[in-house]
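Please look over the model shown here, and then work through the questions that follow.

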Amino acid sequence: MKVTFKIWRQDSPDSKGELKTYETDGLTEDMSFLEALDHLNEKLVLKNEKVVAFEYDCREGICGQCGVFINGRAHGPHDHMTTCQLHMRSFKDGDTITVEPWQAGAFPIVKDLVVDRTAFDRIVEQGAYITAKTGTAPEANSIPVPKEVSDAAMDMAACIGCGACVATCKNASAALFTSAKINHLNKLPQGKAEQHTRLLDMTKQMEVEGFGSCTFTAACEVECPAEISISSIAEMNARYVKAKIFG
Ligand code: SF4
Ligand code: FES
């Protein structure tokens, strides 16, 4: 299998970037997309050229590191899939595949396809924790959590922080990510103590970082690998009103 990669190359945050073309053969349809980039990098090493910088860790849809735009779509041509879960069988022999980094002011480019997503970490720092008494672990059944509540909280906890929601949103809004992190803990009895401050502090940090406002286009939920629904944003907004009154 042979494809033409057009890949964004940028040496540093402040340098000028450009799309560079790489004719790449020797690929197979069973290769993952990241393996295809590995294959390209091996060829670049043999030619004594700079390898393409891209991020990954788990390569199985868990860590959220690998996000890039592929032919203009976050994580490639399929809904609800990470870049590392994409395989070359999704492309045809002879295809041209354009690969670009996330494009959002709050996610500055570090190098090539790697962006700085620490803005997400700073949102999380503002409230994605609970307060618990230290000492002996409490008896497991002392805080009953109804099954439907724990299921709903786990659905929110599925967010892997990949940033596809921000990258695909025309306003570069982080509302889907932030709502998932807030609702995950605010749904649970263990998260109730800080429910209002968590919401106010995390949404404030979202603005401080320069993410845009949500206008409910739902573009984010289509690309979200964790299938977080925009109803999560509606829930966050409803909780926001409550937090303003009681927080
Ligand atoms: S909400 Fe979905 S798209 Fe956004 S960071 Fe979390 S997993 Fe990624
Ligand atoms: S490398 Fe971990 S989600 Fe893709």
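Q: What percentage of the contacts in the protein chain with a separation of 6 or more do residues 24 or more positions apart account for?
A: This is a predicted model, in which local features need pLDDT of at least 70 and side-chain atom pairs count only at pLDDT 80 or more, while totals for chains, interfaces and linings use all residues. Residues are numbered from 1 along each chain as its sequence is written, chains are lettered from A and ligands numbered from 1 in the order in which they are written, and side-chain values use heavy atoms, with hydrogens and water left out. A contact means heavy atoms within 4.5 Å. Among the contacts with a separation of 6 or more, the share from residues 24 or more positions apart is 67%.

Q: Which strands are the edge strands of the open sheet of five strands?
A: Strands are DSSP runs (E, at least two residues) and helices are too (H or I, at least four), numbered from the N terminus, and two strands pair if DSSP finds at least two bridges between them. The order in this sheet is β2-β1-β5-β3-β4, with mixed pairing. Each edge strand pairs on one side only, and these strands are β2 (18-24) and β4 (73-74).

Q: What percentage of the residues in the protein chain is buried?
A: Buried means under 20% relative accessible area, exposed over 50%, and partly exposed in between, with a 1.4 Å probe and protein chains only. Of the 247 residues in the protein chain, the buried ones make up 45%.
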